[in-house]
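Please open the structure in your viewer and keep the selection tool at hand. We will go from one place to the next, and at each stop you will be told what to select and what is there.

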Amino acid sequence: MTIQDKTASKARFPVAGILRWGRWLLPLLALLLALLAASREFRQVDMAAVHAAFKQVSLFNTLLLIVVGLLVVSLNALYDVLLLRWLRIKANAVYVARYAWLASVLNNVAGFAGMTGAGVRYLGLGNAGVAARDAVAFAGLVLFSMPVGLSVLSTAVLVLHTDMLVKLAMPSSLAVGVLGLVSLYWVLFLLVAGGGVLHRRLLADTPPLAFPQRVGLLLVSLLDWLAVVLLLELCLWVVGVKLPLDVLLAAFTVAATLGWVSMVPGGLGVFEGTMLALLGGVVNDASLMLAALLLFRVVYYFIPFLFGVQMLSGLPLVKEGGGVDEFIQRFQAHPLLRLGQVPLRFLGQVSTQVLAYLTFAAGVVLLVSAAFPGMAIRLESLSPYVPLVLREGFHLSSVVAGALLLGLARGISAGMRGAYHTTQSVLLLGIVMTLLKGLDYEEALLLLVLATLLRANKAAFRHRGYPLISRRSLRWLVAGLLALLLAAGLGEMLYGSTQFTVRLGAFGHGADAARYARALIVMLLTFLAWLGWTWFSMPLPASMTLPERGLLERARRFYTEIGHTGYAYLSFLGDKYLFLTDQETALIQYGHKRNHLIALGDPAAADSAGVAEGIRAFRSMAEDYNRVAVFYQVDEANLHYYLNAGFALLKLGEKAQVPLEDFTLVGKKSQKLRTALNHGTRDGLSFEVVQHPLEEALWQELQAVSDAWLDDKQAAEKGFSLGRFERAFLEQCAGFALVKQHGRVVAFASVTPDFGQRDEYRIDLMRHLADTPNGTMDFLFVSLMQHAAQAGYAWFDLGVAPLAGVGDSVWSPREERLIRLVYQYGNHFYNFKGLRDYKNKFNPQWRSLYLAYPRRASLASILLDVAALVAGGYRQVLMK
């Protein structure tokens, strides 16, 4: 890297850091300002009146609003149809329009300043066979065009209605500045989208548009935004609020502008708060205003979004086998699209994630509905057929259904088959209960739509379980608890603390506070019961039980008759699970931490086909239970199998192997080995290999050496990829190599079983007394090599040198170059360099070992869990 490159890199870093933090802080700040501006109006809102306003909307008006909302959303397809013709892209117009509609509804909900819609358009064109370069240019132009109409409206507000800006919480000068900047956008669009100098500098990868085409896109965008305003006016009219069109247009423009600039998904909260603040003095009833805004959210955002979810089952966003990686690279390279944050995870898992959010929202709706009294006219029509006691029971049953849906949303997000079937049953229960408790057909219809969407996406629910202890599970748990707190807060708001604590046994049409108090207790108990049931009943992979003697003997036969790896003997530690493929062609031993299934080494198999099948089967099993499959310390010879299975690779270090075919102590190259052997002999050291069964006295002596070594190193026994001094485990080894001094054992190494294959001689535990002569371990290794060579082994395994050779190239991955710093400067904590230098004097051949993990998985989280498996827990990792 040149000095100029380093300087540029340092200059870019603060800007990148500011932008990264700004993407999170700006939406939060905008939301807080909007809520602050509307705080006075929110205090005047009567939630019961908002609920009543919703209930009073007739069925005809509801259907009218839904139809108009769908038509308004459909206007977004005009951008795509026009650009498809102007850019001469060969793709079916109807197909592109369907993707445009889907992009519009997903973008309304996910937001991110239009980035979600641009991403869906890119993927849709890619699935249609359009070249990636053309697809990303098309998506960029649509993204560039959509805010133009809002910019024109902002100019109109600045000219005609600046008086409204004084009502905002922010200084009016700041509001004028924001609208002024947005007002310049349409001018910038006309200049940059053409073929001039600005286009060549800013949008060189995007085809230029003629002036009539730019004006056409401006008019389409203006029509799009005006149609949204008219839909909002229709929502206000339905609930009984009448406003002058120019006042509504001005307020909407300011609110929509702040919502768009804030990058809050859908402008949620920012738009509503700003509208309430601006129109608080114009509309007499803030409750009706809020009801109209919520109705607008339903018909313009929520209902089209439900149709969009339905379309997902027929319009795959990402083809099987990839597309997202190229999608990321193209978006990062494009001058327009790299300015925003693309929610890739949302796009990649949109079906189950969206359905999970809808399931959770349905649970919240049922719980919130329980706080409001039923409409008197509906209760009167129901009372002759359903007694009060039964209605109370149905009311509590709907609460149970709502609380269960909060818990089931986690399983839906994981694509869990069992959660799908249970959710369908709970939705059916909720539909029946909401009708019988008070003829709440609106909620019943919502639940019916959700059940239909789940049924349409049934194929997406193929997983059998998910990890209970994970960050995602924790987030869903916190969301569920917050929903319960919301329900409690709503009861407090409606009934007050005095009336809310009335006697729980009070019944009657007017005992709403007592009814809701009972509902709160039921929803809390139901949620806790669901958590408890999930904890004890969550299915685990069939292999995830520690092996008993019978399974270990079966593993021994597999290693002997079919194939083994250098880590096969560690199966007998009993601390790892054993996974055998269906055809019994590969055997994998693995550990489990949080959501990671971590395999030790390559699959044991008879041939390369078995290795490839083992990798594929293990990853499929992990994904079936929503776990992440990881392979730890895999050999360089098998890397292509992991790459074919979609894994990324991280070098962990190098393994030293000494060739024994021509092993000799003669010659200059072996001088150090001869010296180690002769020096040990002069110190009175002797070497021997003993096999099982061992005498009890020898076991005691070995135990004493091991304990003394652990005390001297201030270390604890480890596991997973390292053996430990446990008699039951060591009795499965081939024997021990002993070093004695005057008849006393001063050092030993356990010899691993070779399973009838004399390809490599390996040792595991190596321990010695603190007062052994210098060079004792050298004497042990040289003696072992001689012994192995005489026994006909091809190789002697000296073990791993951690981090050796990692990140030593300027082209190494960034993660490996960062780890290289640990190798260079971390010798105070572990003698990385010294260990490699020590093993290198035995003239070995070095083979690289790698970590194989799924792309886009958290590498830091994986390394932490691997370390915890080896050390015996997270506490041991942090305290060693």
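A nonpolar core is a set of buried Ala, Val, Leu, Ile, Met, Phe, Trp, Tyr and Cys residues that are joined through side-chain atoms within 4.5 Å. Buried here means under 20% relative accessible area, while exposed means over 50% and partly exposed in between, with a 1.4 Å probe and protein chains only. The model is predicted, so local features need pLDDT of at least 70 and side-chain atom pairs count only at pLDDT 80 or more, whereas totals for chains, interfaces and linings use all residues. Residues are numbered from 1 along each chain as its sequence is written, and side-chain values use heavy atoms, with hydrogens and water left out.

**The whole chain**

Begin with a cartoon view, in which you can look for 36 helices and 13 strands; these are DSSP runs (helices H or I of at least four residues, strands E of at least two), numbered from the N terminus. Of the 880 residues of the chain, 52% count as buried.

**The cores**

Next, select M275, F296 and M523, which touch the most other members among the 106 residues of the largest nonpolar core. Helix α16, residues 286-312, gives the most to this core, with 13 residues. Now centre the view on M523, which, leaving out residues up to four places away in sequence, touches L367, V399, A403, L484, A487 and Y516; a contact means heavy atoms within 4.5 Å. Apart from this core lies another, of 80 residues, and A555, L587, V628 and F729 are among them.

**A cavity**

Which residues line the second largest cavity? Select D80, Y95, V96, Y99, A100, R121, G124, L125 and F138 to see this lining. On a 1 Å grid over the protein atoms alone, a cavity is a set of points where a 1.4 Å probe fits but cannot get out, and lining residues have an atom within 4 Å of a point. The elements that give two or more residues to this lining are α6 (93-110) and α7 (115-127), and α6 gives the most, with 4 residues. The second largest cavity has a volume of about 40 Å³, where a volume is the space filled by probe spheres set on the grid points, which are joined across faces, edges and corners.

**An aromatic cluster**

Move on to Y577, F579, Y590, F618, F631, Y642 and F647, which form one aromatic cluster. Rings of Phe, Tyr and Trp (its six-membered ring) pair if their centres lie within 6.5 Å, and planes under 30 degrees apart count as stacked, over 60 as edge-to-face and the rest as tilted. By this rule the count comes to 31 aromatic pairs. Look at F618 and F631, whose ring centres are 5.3 Å apart and whose planes stand at 70 degrees, so the pair is edge-to-face. This pair links distant parts of the chain, since F618 lies in helix α27 (residues 608-624) and F631 in strand β5 (residues 628-635), 13 residues apart. F618 counts as buried because its relative accessibility is 0%, and F631 counts as buried because its relative accessibility is 0%. Y642 and F647 also form an edge-to-face pair, with 6.1 Å centre to centre and 80 degrees between the planes, and both Y642 and F647 are buried.

**The last stop**

Finally, select T776, which lies in helix α32 (residues 776-790). Is T776 buried or exposed? T776 counts as buried because its relative accessibility is 2%. Leaving out residues up to four places away in sequence, T776 touches L685, V739 and A747.

Conventions:
On a 1 Å grid over the protein atoms alone, a cavity is a set of points where a 1.4 Å probe fits but cannot get out, and a pocket is an open set with protein on both sides within 12 Å along at least five of seven lines; lining residues have an atom within 4 Å of a point.
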